[in-house]
Amino acid sequence: MLILLPPSEGKTAAAKGHPFELSELHFPELNPAREEVLNALAHVSSQPDALVSLGVGASLAAEVERNTRLHNEPSAAAHTVYSGVLYDALGYRTMTPAQKRKADAAVVIVSALWGAIAFPDFIPAYRLSMSVGLPETGKLASYWKKHLPAALDAHADGHLLVDCRSSSYAAAWSPAADRTVVVNVFQERNGKRTVVSHFAKHTRGELARHLLTRRGKAPETPGSLLKAAQEKWQAELAAGTARKPHALNIILPELAG
């Protein structure tokens with residue numbers, strides 16, 4: 001089983017530590033592409049219109065400025081740098097050593113800057129979304145769609161893929177549909193199902209934690225993934241097709257009041 005996650009928009013910068021080394025990251029075949037994006041991001045971030053180009057507000061100016069010197073910034077493990085609703089719910093820090101080793105091996109983070117990395121990879125905090133287009137690369141989802149298959153197709157071969165990515169990050173790599181399950185989260189409201197972004201992120205994080213910490217064999221099929229999810233939630237499985245992945249639909253109860 002592999003769990004595909006998006007990065008978090010918010011990141012916790014390392015207070016100290018050595019700068020990142022491309023040679024130490026997972027999926028080293030992506031390093032030339034990573035270097036190209038790093039250089040393009042540094043250039044865009046140094047321009048007067050950097051905030052507009054990166055689609056962020058003035059409150060994030062310091063984070064954009066940091067993009068110009070990422071090679072010299074302290075780095076930390078990705079599971080520490082990425083923060084926010086999904087990662088808080090996953091709760092890596094509170095896992096046992098055995099559970100952390102499982103997470104280190106099973107989680108793949110699809111990133112606008114790095115393409116794909118794993119939890120143990122040391123990275124600096126940065127500001128870049130997959131929806132952004134850089135002059136040297138074009139739209140990043142399209143850019144990485146050209147590079148990620150060479151690194152991830154073989155890595156994913158034979159695994160069930162639990163896809164917890166948001167749509168912009170899912171666009172960067174499309175694994176084989178027959179062994180991919182996209183995770184959707186709905187909430188019951190007045191008898192109708194609606195998508196609520198905050199709860200979706202939180203629940204995907206909780207699902208990832210449940211899969212990494214539960215006893216027993218990791219799910220190997222969409223059906224066994226459904227059974228694992230039903231240990232905690234009301235859930236349904238929508239079968240995929242040759243081109244469309246399966247979908248695990250988690251239904252949260254209606255909020256009281």
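How many helices and strands does the protein have? The protein has ten helices and twelve strands, where helices (H or I, at least four residues) and strands (E, at least two) are DSSP runs numbered from the N terminus. The model is predicted: local features need pLDDT of at least 70, side-chain atom pairs count only at pLDDT 80 or more, and totals for chains, interfaces and linings use all residues. Residues are numbered from 1 along each chain as its sequence is written, and side-chain values use heavy atoms, with hydrogens and water left out.

Consider the overall form. The radius of gyration, taken over C-alpha atoms, is 18 Å; this agrees with the value near 18 Å for a compact globule of 257 residues, by the rule of 2.2 Å times the number of residues to the power 0.38. Along the principal axes, the C-alpha atoms fill a box of roughly 50 × 45 × 40 Å.

Of the 257 residues, 49% are buried, meaning under 20% relative accessible area with a 1.4 Å probe, protein chains only. Contacts are heavy atoms within 4.5 Å. Among contacts with a separation of 6 or more, 68% join residues 24 or more positions apart.

Helix α7, residues 140–156, bends by about 50° at L148, and the proline P149 follows within four residues. The bend is the angle between axes fitted to the seven residues ending at a residue and the seven starting there. Buried residues of α7 include L140, Y143, W144 and L148. Just after α7, G158 takes a positive phi of about 85°.

Notes. Buried means under 20% relative accessible area, exposed over 50%, partly exposed in between (1.4 Å probe, protein chains only).
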